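Here are a few notes from a pass through the model, written with the coordinates open alongside. Have a look at the structure first, then read on.

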Amino acid sequence: MSKLVKIYTDGACKRNPGPGGWGALLIYKGIEKELWGGELETTNNRMELLAAINGLMALKKPSEVCLFTDSQYVKKGITEWLTNWKKNNWQTASQKPVKNADLWQQLAEQIAKHKVTWQWVKGHTGNEGNERADQLANRGVPEVVK
């Protein structure tokens with residue numbers, strides 16, 4: 001059996017900005033853990049980031065992780081943009097502040113603790129892990145709307 005932890009993440013926002021939720025499904029050796037939460041005033045991108053952050057934070061020790069996201073923003077941010085943002089003191093190539101820098105910094109802290117492979121999946125196409133993460137993200141929304 002593999003020692004790989006699979007984490008499926010998703011974010012949801014009822015208005016953008018507006019009430020939102022995040023969800024993460026962790027799978028290790030056939031054992032599953034579901035996580036979700038939300039905020040009253042947020043954006044979809046922030047919820048996508050929080051799903052990944054909270055999924056990684058739930059790991060009790062350094063792990064080999066395959067993190068699945070349907071967010072191109074998260075995937076490209078981690079694999080293409082993060083290094084330059086750090087070099088440029090959290091400024092974009094056009095010298096503007098990086099949006100959601102607080103969460104990108106938290107995510108960078110979390111990925112430094114693990115060996116993470118990032119996998120983009122097309123959302124809402126029947127990928128079971130992605131569909132479940134979407135359900136968890138939507139579960140997070142009503143908790144903050146009440």
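**Notes on the fold interior**

1. Starting with a loop: T92 sits in the stretch between helix 2 and helix 3. Bear in mind that this is a predicted model. T92 counts as buried because its relative accessibility is 19%, and the cut-off for buried is under 20%. Setting aside neighbours within four places in sequence, T92 has contacts with W85, P97 and V98.

2. On to the main core. The largest nonpolar core holds 32 residues, and the members touching the most others are I7, L56, W104, L107 and W118. At least two residues each come from strand 1 (5-13), strand 2 (18-28), helix 1 (44-57), strand 4 (64-69), helix 2 (72-87), helix 3 (101-111) and strand 5 (115-120). Helix 1 gives the largest share, 7 residues.

3. Not counting residues up to four places away in sequence, I7 touches A24, L25, L26, G55, L56, L59, V65, C66, L67 and F68. There's also a second, separate core of 7 residues, with L25, C66, A133 and L136 among them.

4. Now helix 1 itself. Its 14 residues reach 20 Å from first C-alpha to last, close to the 20 Å expected at 1.5 Å a residue. Of those 14 residues, 10 are buried, so helix 1 is largely enclosed by the rest of the structure. Which residues of helix 1 are buried? They are R46, M47, E48, L49, L50, A51, A52, I53, G55 and L56.

Conventions
Residues numbered from 1 in each chain as written. Predicted model: local features only at pLDDT ≥ 70, side-chain atom pairs only at ≥ 80, totals over all residues. Heavy atoms only, no water. Core = buried A, V, L, I, M, F, W, Y, C linked by side-chain atoms within 4.5 Å. Buried < 20%, exposed > 50% of the residue type's maximum accessible area, 1.4 Å probe, protein only. Helix = DSSP H or I, 4+ residues; strand = E, 2+ residues; numbered from the N terminus. Contact = heavy atoms within 4.5 Å. Expected span 1.5 Å × (residues − 1).
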